Amino acid sequence: MLTLFELVIRSMRKNSKPYALYFFALSSSATLYFVFAALQNDTSLLAATFGDIQFASLFEGAGIFLLAIMAIFMINANSIFLRMRSREIGLYQLVGLTRREAGQLLVTEHVLLGIGALLIGMGAGTLGSRLFLLILMKLIGNESIIALTFSASAAIQTALAFAVLISLTVIQVLFKVYRTALLDLFKADRQGDRPKQPESALAPAMGLIGIGLITTGYVLSGSLPGRELVVQLTVVLALTILGTYLVFRVTFGWLLDRFRRSKNGQLGLTNSLSLAPIMHRMKGNASSLTLITVLSAMTLTMVAIAYSLYYSAESESRAMLPYDFIFENNEQDAKLFRAELDKAGYAYVHQPVEAVRLTSLSGKEGEDGGSLLLLSAEQIQADGTDIIMPEAGEAVWYKGQRRVLSKEAETAALPQTMVLGTSAVPLIIRVTQVVDRYTMNFSVKGRQLVVPETTLDAVREQTSASPEEEAIRLDTYRIADKSERAAASRLYAKYVKTDEYRPDFYTYFKESLHKFGLIIFAAGFLGLIFLIATGSILYFRQITEAEQERRSYTILRQLGFGEREIMSGIIRKQLFMFAVPLAIGLMHSIFAVKAASALTLSDITFPAAIAMAVYTLVYFVFAVLTVTHYRRMVKIAE
């Protein structure tokens, strides 16, 4: 008689094919979590790379997020495997194994799989840490050579985390073995998941409610962000998830049922192989497809936003800092800096700008305490800057702040009237437009209003005797050659006091690149794991259904139906199972990315589209694998 260990080895060999992708997903997750933990615990690396910016919490959060997704993946995948192996578990008990022994066998399998995936994952993480580090350094634009040593604390952290995940599957296995009757184990693979259809009048109403919930979530996402951002996000997420579930559970079920009725039950071969299995398992499919759709939408949104932020880092920095360097009321330092640029042979454009700052305004105060910076449109245009030229007595407000960060009402009616001066005949300026970028570096104090030179002269005349008026001279510099900005930035740093916040463009851009490079590093690899997890759940479910339908394919082949005829129905089914959740997930992510675009000053349409296209391409690899598995099964069905 075989020992328990021999039974375990034989069972693992028998189920090696379905477990292969599961094992790969576990190993990849262990690798990524180990790398995240190593980076999180290597404070010297973070200090050398990012300076004072603390990013350990980002890796910690990414690791927790990864564990949550892997818990969902493992529980769903294990549920599919246990159902697929229900008959096998029943046979173990029929041949004399007690429930305890059957449970020990399955638990030993899962523990061995988990330990194997953990060891391979940590080994791959250790060996591939330099590759991960090179990718990170490339993303943040750092050419330094930094070694990532083996971290014992990261290994312990990874082992503890995966011990918790494996414990969840062990509990699931024991619950299946001890709480399922022997007869139910043999009938599990023949039980359908088709839900009870609501009343004929209620079904379309519930289907419309599902569509309405999703539409409401989309509409609310368009109004984000607001003061109660967390509450709004929770409501949008809840509406979207519930609406998606109703669409899969009721809307599609009702539509398919109406289609079946229109055919009087005579579906034909193609529809019988595609629509009938979907309707038969609609209950189980609704839950899994909802999960996959929501996870796909989250993954697409996360990756698209991360890539968009990284892609637009330079344009975002330029929107905040239109000039490379700037001096305020300091002609002496400006001349010294100009002399150093000339000595170094750097080509540059120097443009002095005369402005007026009013330190107190009537009415509601703005984001900078109420100060107002009036700039001459003609002087700014002199160096080739593209700005809107206002008419006499009018102004254009270059607001600059991202809409999400703005404290002022975005929907204020234009034009707005401003009254300046304290004389009997005050000066009236009409703000006719608001532009979401700065025309002067954002570090210069005051809300930036661009006015004609004649209007600026009138303001000087009206407020010349006022203590609230301050004459400002701004010496602006733009470096012509991008390759010389780093060296020029080092020259400029000598003129910035330690207690003064006056960033130059190059420094600000590199800091943004560091932040967004790290974000896309974490988001990219998390997205890859999400993609493997969601694709694998669908793949496991479909190959399980394929095993249940094997007998049907054999009968069809014996009746004379060819491989091509059978595969046409199977391919149509796979298009529904893969393309529908992906399409709905894409729709969810499009609206989510649109809402998140309020975080940026740049157009993120192109980078978001690229991220979604790559995700879609990789996602359909799983569809091809599934169809290939079905084709192989149909070929051998005789």
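Predicted model: local features only at pLDDT ≥ 70, side-chain atom pairs only at ≥ 80, totals over all residues.
Q: How many salt bridges does a search of the whole structure find?

A: A salt bridge here is a side-chain nitrogen of Lys or Arg within 4 Å of a carboxyl oxygen of Asp or Glu. By that rule the search of the whole structure gives 19.

Q: Which parts does the salt bridge between Arg 85 and Glu 109 tie together?

A: Start with the pair itself: the side chains of Arg 85 and Glu 109 meet at 2.7 Å, N to O. Arg 85 sits in the loop between helix H4 (56–84) and helix H5 (86–94), while Glu 109 belongs to helix H6 (residues 99–127), so the bridge joins parts that are 24 residues apart in sequence.

Q: Are Arg 85 and Glu 109 buried or exposed?

A: Buried means under 20% relative accessible area. Arg 85 and Glu 109 are both buried.

Q: How far apart in sequence are the parts tied together by Lys 482 and Glu 314?

A: The closest N and O atoms of Lys 482 and Glu 314 are 3.4 Å apart, and the pair forms a salt bridge. Lys 482 lies in the loop between strand E8 (469–479) and helix H18 (485–493), and Glu 314 in helix H14 (residues 313–320), so the parts they tie together are 168 residues apart in sequence.

Q: What is the relative accessibility of Lys 482, and what is the relative accessible area of Glu 314?

A: Exposed means over 50%, with partly exposed between that and buried. Lys 482, at 54%, counts as exposed. Glu 314, at 34%, is partly exposed.

Q: Which residues are linked in a network of salt bridges?

A: The network links Glu 331, Glu 354, Arg 473 and Asp 475. One of its pairs is Arg 473 with Asp 475, whose closest N and O atoms are 3.1 Å apart. Arg 473 and Asp 475 are both buried.

Q: Which residues form the nonpolar patch on the surface?

A: Patch members need over 30% relative accessible area. Here they are Tyr 311, Phe 606, Ile 610, Val 614, Leu 617 and Val 618, together about 570 Å² of accessible area. Helix H22 (residues 605–636) supplies the largest share, five residues. Val 614, in helix H22, is partly exposed at 47%.

Definitions and conventions: Residues numbered from 1 in each chain as written. Heavy atoms only, no water. Patch = residues over 30% accessible without salt bridge, like charges linked within 9 Å, V, L, I, M, F, W, Y side chains within 5 Å. Areas by Shrake-Rupley, 256 points an atom, 1.4 Å probe, with all protein chains shown as cover. Helix = DSSP H or I, 4+ residues; strand = E, 2+ residues; numbered from the N terminus. Buried < 20%, exposed > 50% of the residue type's maximum accessible area, 1.4 Å probe, protein only.
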